[in-house]
Amino acid sequence: MKSTEEHLPLKPRIFEILLALLRGDDHGYAIIQELNRSSRTRILPGSFYRDLESIEAAEMIEEVDSPPGTAGRKRCFRITSFGRTVVRAEARRMEQLAQVGTELLQQSRGES
Amino acid sequence: MKLLRWLYCCALRAYPASFRRRFADDLVAAFDDGMSNPEWAAHEESRWLFALRSILDALNHGLRRRLRRAPATTSPSPILSLPVLRRANPLDTTMRDILWGLRALQQRPSMALAVILTLTIGIGATTAMFSLMDAVLFRELPYPASDRLVAVQQRDTRTEQVAAPISPANYLDLREASETFEDVAGTLFRPFGPTVRIDDEPAFSAQVFTVTYNLFEVLRTEPALGRGFSSAEADPEGPKTAILSHDFWMRTFGGAPTTLGRTLSVGGIQREIIGVMPEGFYVEVPVDMWIPMDYDARVHFALAAEIRHIGMLNLIGRLADRRTPAEASAEMTGLLASLVREYPEDNEGIAAVVRTAKERQVSAHTETLWYMGAAVAGMLVIAALNMAVLLVAAAASRQSEISTRLALGSSRRRLVQQGLAESLILSLAGAVGGGFLAVALIRSLLGALPANLPRQSEIVVDARAWGFGLGVAVVAGVVFGLMPLWLHMRTEPIEALRSRSGKNTGSARLRRALIVAEVALAFVLLIGSGVLLRSLDKALRVDPGFTIAGVMTTGTAVPAATAESAEGRIAHFTNLRDELLAIPGVVEVGYSSRTPLRGNSVETEITIEGRPATPNSPMMVEFRRASAEFFPALQIPLVNGRLFDPQDRPDTMPVAIINASAERQHFAGDAVGRQFSWNNSGTLFTVVGVVGDIRHFGLDSPATPEMYISTTQFPNDSSAIFVRTSGDASALATPIRQRVQQANPADPVPTMQTMDGLVADSLTPRRFPAILVSGFGLFALLLSAMGLYGVLVYLVEERSHEIGVRMALGAGPSTMARSVVADGLRTTAVGLVIGVPIALLATRSLGALLFDVSPTDPLTYIAIAALLLGVAATASLVAGRRATRVDPAAVLTRS
């Protein structure tokens with residue numbers, strides 16, 4: 001049985017990749033473009049594919065056949081159900097963290 | 001951009017093949033997309049930095065992916081992001097530092113670009129200079145065990161002669177008696193350019209070096225094809241042979257092995273080709289072929305073993321086992337001294353000059369090259385100082401960030417590593433750029449080098465030069481990269497955090513000190529270039545004693561059929577002169593055996609009738625033949641007496657013309673009518689005229705005593721021609737060449753040169769360092785101006801509050817601008833004050849390279865100081881304008 005816990009917390013970049021794949025199957029290059037749109041710095045392809053390969057090895061995503069009309073030999077990926085579980089766990093973790101943070105802030109304001 | 005894409009694809013090879021198969025297309029597509037980002041149209045440098053980062057990123061991840069070998073499951077999951085959980089391996093840290101440095105630079109692309117450009121020029125020039133010095137000065141001569149080769153020459157102790165060839169008879173005796181040498185060989189003066197003809201093909205001129213038969217054995221270099229010379233060829237009756245250079249063999253015979261055994265005519269003598277030397281082989285200078293000396297007095301360039309009073313051979317010996325150069329030197333000195341005692345008449349006043357073969361070859365250039373090397377090093381230091389100035393400025397603006405990190409417990413070591421990574425990235429980028437620049441510089445330099453600079457063909461930017469450039473870059477990166485860090489490390493982080501006003505007096509002081517150093521160094525460089533340029537200018541203004549403008553010079557040889565008789569030779573020259581005079585625009589045509597400024601010397605001793613001999617100060621004159629029209633052709637004035645006359649024939653009284661120097665030095669100012677003989681030949685010459693001095697050995701060499709004998713009285717079989725025209729001499733080159741060639745169709749196509757060209761050539765050794773050092777100096781000036789400007793702008797920004805307040809209180813903008821300019825001039829003045837004594841010290845050794853200018857020439861010092869102050873004032877004015885743009889209202893509102 002694969003453990004969700006051992007992958008948490010997720011690197012922000014990996015979380016973003018998984019989020020991008022939640023919107024639908026896509027190839028790596030398209031994900032980079034997506035991430036570039038939403039982030040301030042440009043993503044370097046080398047580190048991106050390293051991340052992609054590692055989450056594939058962790059079975060959070062899997063390669064699927066490219067849809068017809070894809071140019072070149074671009075690899076298309078789909079998020080696995082395990083991947084969804086990890087994303088859900090990470091989201092829950094962040095939610096909890098945010099909650100703790102908000103409470104702490106309110107407390108500290110009450111003290112000051 | 002294609003290059004960057006190619007580099008990126010190369011970098012991708014760092015990944016294992018399995019990874020590449022899956023993702024290479026995607027990676028390249030992502031890279032292309034990044035490169036074509038429209039936002040970067042205005043920031044080309046950002047695009048480059050993106051490419052650089054991507055390449056390093058691919059190398060980093062690719063190599064790490066390879067090291068990891070198996071997929072992620074076997075190692076701790078890379079998905080874990082908390083750094084504490086990951087073991088920090090050195091490769092990791094280094095890569096992270098590099099990427100961090102790149103990111104830091106990407107945020108300040110113009111600063112990064114300025115530093116890289118500066119360093120590229122600095123390192124490029126230094127690397128090019130290193131390649132040149134390496135080939136000429138540092139490398140051993142290209143023969144096996146070349147450190148065992150020793151050059152033997154002689155000097156005349158009664159004159160200032162430095163080193164001259166040794167006579168054939170003395171050579172044979174020295175070789176026979178020597179015990180310190182395995183063997184001694186010799187080369188004749190320098191190569192000559194006889195007519196060469198192969199079968200019935202058109203004749204051409206080739207460079208031929210006459211050498212002793214054992215030369216190649218002494219150099220331990222065998223022909224690549226065929227055999228070397230043997231002792232049989234030293235016999236005048238022995239076989240006539242030649243050995244070709246590889247280059248000439250390829251050019252003329254297409255590298256055919258059947259070349260061996262063929263014959264060619266060299267200067268009219270049929271010679272069998274017996275060998276081809278290896279590619280790139282040369283002795284002293286590259287030539288087309290070598291012929292053996294046969295000690296035969298009958299042939300023009302051969303030697304008589306009996307000649308003892310005329311030096312002809314430069315000797316090169318190979319030391320015997322366990323013998324040292326010092327022993328060889330002592331032995332040669334002793335042997336030559338005993339030859340002087342044995343043959344006092346022929347060997348009067350000579351002494352041995354013994355040094356290593358390499359020393360002999362480069363001694364004339366050592367000083368110039370080291371001087372240029374020092375100049376280029378000075379320029380590099382200025383470039384590195386400029387990098388330090390910019391890095392200090394950048395560091396100052398990051399002061400609070402660094403203080404925060406220190407306060408939070410970041411280790412100083414890590415900070416130093418990151419800072420070093422940043423400056424090393426810059427200097428390595430400079431090194432790569434500099435390497436390519438050096439290649440380009442060397443390529444463009446090769447045509448402009450003085451012709452007498454040895455080993456020019458070996459000047460290349462090779463691995464050694466690249467290594468040198470890289471080494472320089474690393475040293476510059478470390479030394480000057482640590483400077484800003486040292487500034488931070490001195491500050492207590494808490495202190496720095498407390499005063500976060502951004503003011504950093506330490507940094508401002510450091511930068512000012514760096515600029516002062518730059519100005520001082522630039523001053524030294526500019527003084528060097530200033531005195532070299534002044535000396536070149538003075539040399540150009542020298543009156544050579546003859547007309548340069550509108551004169552064309554070439555050469556002619558009398559056809560073999562008519563060369564036998566004196567009448568035939570005279571007729572050839574007379575007819576050719578008439579032919580040339582018929583060309584419209586030709587004013588006068590004269591002949592002489594020597595071309596001024598070519599530097600050929602035939603010095604000979606004369607004895608004046610009725611004057612006792614003075615053995616300790618021989619009367620030496622340069623000997624030449626000249627036609628009567630030679631003097632009007634070059635407009636050399638007649639000072640006294642008459643010029644040659646058509647009546648001066650082989651059967652009339654031998655006459656001579658001397659120059660004013662000879663009259664003054666040897667005839668006590670009264671020469672006409674006096675008689676003299678030369679080289680104890682017995683023939684008495686009567687001086688019939690005195691002509692003006694000419695600077696035969698170069699505009700920057702003093703005139704020497706000369707004697708001319710008449711070409712109609714002693715006609716030679718070849719001569720230089722001087723054609724004075726009424727306009728542009730080069731416009732008449734074609735008709736002149738045609739007439740000269742028609743006069744002797746068997747002769748190779750004559751080479752033409754204008755006197756202007758000869759003057760330019762003769763000054764190359766002077767012009768070359770002057771132009772190079774001036775280039776370095778100008779670059780140094782530009783850098784210092786840029787550095788000064790940058791510092792002043794920064795100071796204006798720092799003082800903007802003060803300026804605003806003062807302007808609000810009524811100070812005019814011009815007052816503020818003036819204070820900035822004064823600041824700039826003050827900094828420059830301090831630099832000058834420091835620079836003057838350094839310049840005085842540094843240029844002291846320049847004296848030998850200068851002509852008619854003192855290295856401490858006050859005019860140059862004043863002019864250069866004024867130039868630097870002027871440039872500094874301009875840079876300060878531009879910076880000062882910023883001060884006037886400070887808006888007092890805005891400043892006061894902010895505060």
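Helices here are DSSP runs of H or I with at least four residues, strands are DSSP runs of E with at least two, and both are numbered from the N terminus. By that rule, the elements of chain A run α-β-α-α-β-β-α from the N terminus on. That makes four helices and three strands.

The model is predicted: local features need pLDDT of at least 70, side-chain atom pairs count only at pLDDT 80 or more, and totals for chains, interfaces and linings use all residues. Residues are numbered from 1 along each chain as its sequence is written, chains are lettered from A and ligands numbered from 1 in the order in which they are written, and side-chain values use heavy atoms, with hydrogens and water left out.

Stay with chain A for a moment. It has 112 residues, and 43% of them count as buried. Buried means under 20% relative accessible area, exposed means over 50%, and partly exposed lies in between, with a 1.4 Å probe and protein chains only. Chain A exposes about 6500 Å². Carbon and sulfur atoms supply 49% of that area. Such areas come from the Shrake-Rupley method with a 1.4 Å probe; for residues, only the protein chains shown count as cover. Contact means heavy atoms within 4.5 Å. Among contacts in chain A between residues at least 6 apart in sequence, 56% join residues at least 24 apart.

Now turn to chain B. It holds 26 helices and 23 strands. Its C-alpha trace spans about 105 × 75 × 60 Å along the principal axes. Of its 895 residues, 52% count as buried. The accessible surface comes to about 39600 Å², and 59% of it belongs to carbon and sulfur atoms. Among chain B contacts between residues at least 6 apart in sequence, 80% join residues at least 24 apart.

One residue gives a local view of chain B. Ser265(B) is found in strand β8, residues 263-266. Is Ser265(B) buried or exposed? Ser265(B) is buried, with a relative accessible area of 11%. Leaving aside residues up to four places away in sequence, Ser265(B) touches Thr195(B), Val196(B), Arg197(B) and Gln270(B).

Next, the place where the chains meet. Here 31 residues of chain B are in contact with 33 residues of chain A. The size of an interface is often given as the accessible area lost when the parts come together. Buried area is that loss for two parts, with a 1.4 Å probe, summed over both. Chain B and chain A bury about 2900 Å² between them, 57% of it on carbon and sulfur atoms.

Some pairs across the interface are charged. A salt bridge is a side-chain nitrogen of Lys or Arg within 4 Å of a carboxyl oxygen of Asp or Glu. Side chains of opposite charge can pair when their charged atoms come close. Between chain B and chain A the count is two salt bridges. Arg22(B) forms a salt bridge with Glu56(A), the closest N and O atoms being 2.5 Å apart. Which elements of chain B give two or more residues to the side that touches chain A? They are α2 (17-35) and α3 (44-68) of chain B. The most comes from α2(B), with twelve residues. By class, this side of chain B has 14 nonpolar, seven polar and ten charged residues. Ala, Val, Leu, Ile, Met, Phe, Trp, Tyr, Cys and Pro count as nonpolar, Asp, Glu, Lys and Arg as charged, and the others, Gly among them, as polar.

Salt bridges also form within the chains. Over all chains the count comes to 30. In chain A, Asp51(A) forms a salt bridge with Lys11(A), the closest N and O atoms being 3.4 Å apart. This pair links distant parts of the chain: Asp51(A) sits in helix α3 (residues 45-57), Lys11(A) in the segment before α1 (12-22), 40 residues apart. Asp51(A) is buried at 6% relative accessibility. Lys11(A) is buried too, at 19%.

Asp25(A) and Arg78(A) meet in another salt bridge, at 3.0 Å from N to O. Asp25(A) lies in the loop between α1 and β1 (26-27) of chain A and Arg78(A) in strand β3 (residues 76-79), so the pair ties together parts that are 53 residues apart in sequence. Asp25(A) is partly exposed at 38%, and Arg78(A) is partly exposed at 35%.

In chain B, the side chains of Glu458(B) and Arg455(B) meet in a salt bridge, at 3.0 Å from N to O. Glu458(B) is partly exposed at 22%, whereas Arg455(B) is buried at 4%. Salt bridges that share partners also join Asp134(B), Arg139(B), Asp462(B) and Arg464(B) into one network.
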